Amino acid sequence: MTARRRHPAARYLVILLGLVLVGFGYALVTGIGEASAAPGSALQGQIAQGRAIFLQECSSCHGIYAQGVPGLAPSLIGVGSAAVDFQVSTGRMPAREPAAENPRKPVQLTTRQIHALAAYIASLGGGPAIPSAAQVSQSGAHVALGQALFVTDCAQCHNFQGAGGALTYGKFAPALTASTPTQIYEAMLTGPEAMPVFNNTTITPQQKRDIIAYVVQTRNEPNPGGFSLGRVGPVTEGLVAFLGMLLFMVFAALWITARHGKTHE
Amino acid sequence: MSDSPAGPWPGDDQTARNGAADEAPRRVIGTPPPGVSLLGDPATYTPAAPPRELPADPDDLPGAKRAERVVAACFLIATVAGLAFLVAYFAFPVHSLVGVQRSNLALGLSTALVFLGLAAGTTIWVRRLMPDVELTEGRKPLRSSEEDRAAFEQTFNEGADASQFVKRPLLRRTLIAAAVPATLAPIVLLRDLGPLPRKDLTFTVWRPGLRLLKADANTPVTPGSFSSPGGMITVVPDGYQENFDALAKAAVIIIRFAPGQVEYTNEDHPVPGKVVANWTVDNIVAYSKICTHVGCPAALYEQTTHHILCPCHQSTFDATRGAKVIFGPATRPLPQLPMTVDAQGFLVARHDFTEPVGPSYWERP
């Protein structure tokens, strides 16, 4: 037993056990909080829970009243639940640090917590709502029209296969390979970060579904592989191999023509 | 034929030839018979043996032996790869995309190995086994001898005379006449490179009252529908949706700004680096989509910084300040399209651009 206690892995095991216990304890406590913080209607409870999450996770940058902090974080009043759902469900928010572009990260809140947060932000000043499952359904969507719209309105930044691309001063348009239909809809509706807004009168809900159907469809196309430049195949490796072989051939040519050994006069 | 007891030539049968071989010493075809010297009588002629120019053997004989084995190995690799090519051609089916890829890989690899083996083998052969000696060889004079030149001149003149080309001017002139148009024809075809653009580069198809249609949806735009600040769409002139020659110059992006974001100026006294106020509608500004650098579609719009970025060479324009260039190789701002609304409330062009769109050109005013 003593020998086992002195085993180098033992201390890690103890730390892991402690972490697991704390985690379960926290979940238990917050679970109780959820249940007890429902004074009236379900919506009221959801908003209260969302406010609690907001104060804990978001208010350090966005301000206690979500009014925003100049130079640090924008006001969230009127951005709507769609913007909250997009930012938090893609893991972009809560942000790790202020950066030119917040990258997609593992999600840090549960779907229930995200919806509570979204309800709270929506209660501050309306804004676009989270689309329903029917609004992002691809059944009956027109993929070809979606492609035409995507090429016109989206491809200049996101690449014609949704592989993403660079913008100015460290910003970039992300790849759409991991985006869910709901997130694509929300992004068009709210224009997260540098992305332009495509409201429902500019790109109609039906056209949004067409675009989503196209983006989803591209994922099922055969991929020639390689370091993907938007499914153009192993072009980058080819370039590196081409340049490397070119260098090799130059040295080979030098070697072949170089004088060598003793010359016969 | 082979069963015939006699050979193809009568009397030249097997026994006779064998008998001859037994009697006479072996002699290689093409060499003089033994005892006869082509150089004459050895008693009177003493050949001065010229010094050997090339060594018969490399200096390093053991090294040469090793090199020989390496070269042989290279050639064997090429042989095996060549056989592999033949096998792969038949072994890999090409009835699917993946099959074609595999077949291409096998054929390409084996071909590469064939040439690599041959190239490496011959290179090592030349470098390690053949002598590395510089030889110089004198060159004969380029000018022909006087007799040859005189003979040629005579032949030529005789030929010219006999051909009647000199004697019959009718034939000569008609032949020349026939050649002239045939020679001119390809030069005339160069006209197809034209016509000259003349005023085409100066103007676009935008004219007063022409509606702005959202590209691909082909729907007219109202300030009310294009209402969200931060919105940006591509629009095309109504009636020219499929006219790519026209669109190459007339494509336009419209951007909706929040109140107070845009720096405005007056049409009568325009200030560079500002947006002409009465060419906009409800903080909607229209700019040419054609980059002023080399004409790429510049439509990477960032609603936070209001930058319009051209993806080709990273020219960056500030949309709130009249699309002024703030980075990159472009030298002129994107021209602003004058806009207004028509009686039905749709966005229309007030008139054409007041300056040429797209990259600079020689005759640009």
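I began with the largest nonpolar core, which has 93 residues. By core I mean a set of buried Ala, Val, Leu, Ile, Met, Phe, Trp, Tyr and Cys residues joined through C-beta atoms within 7 Å. Buried means that 20 or more other C-beta atoms lie within 10 Å of a residue's own; exposed means 12 or fewer, partly exposed is in between, and C-beta atoms are placed from the backbone. The residues with the most contacts inside this core are V252(B), I254(B), V285(B), Y287(B) and I308(B). Helix α6 (residues 111-125) of chain A gives the most to the core, with 8 residues. Helices (H or I, at least four residues) and strands (E, at least two) are DSSP runs here, numbered from the N terminus.

A note on the source: this is a predicted model, so I kept in mind that local features need pLDDT of at least 70, side-chain atom pairs count only at pLDDT 80 or more, and totals for chains, interfaces and linings use all residues. Residues are numbered from 1 along each chain as its sequence is written, while chains are lettered from A and ligands numbered from 1 in the order in which they are written.

Next I listed the neighbours of I308(B). Leaving out residues up to four places away in sequence, I308(B) touches Y287(B), A298(B), L300(B), Y301(B), F317(B), A319(B), A323(B) and L334(B). Contact means C-beta atoms, placed from the backbone, within 7 Å.

Then I turned to where the chains meet: 31 residues of chain B are in contact with 26 residues of chain A. On the chain B side, α3 (97-129), β3 (232-237), β8 (300-302) and β9 (307-309) each supply at least two residues.

I also followed a hairpin in chain B, formed by β10(B) and β11(B) with 5 residues between them. The two strands pair in the antiparallel sense over 3 bridges; pairing needs at least two bridges found by DSSP. T316(B) stands opposite F327(B), and G322(B) in the turn has a positive phi of about 65 degrees.

Last, I checked two helices of chain A. Is α5(A) mostly covered or open? It is mostly covered, with 10 of its 10 residues buried, and these pack against α6 and α9 (181-190) of chain A. Just after α5(A), G91(A) takes a positive phi of about 80 degrees.

Methods. Contact = placed C-beta atoms within 7 Å.
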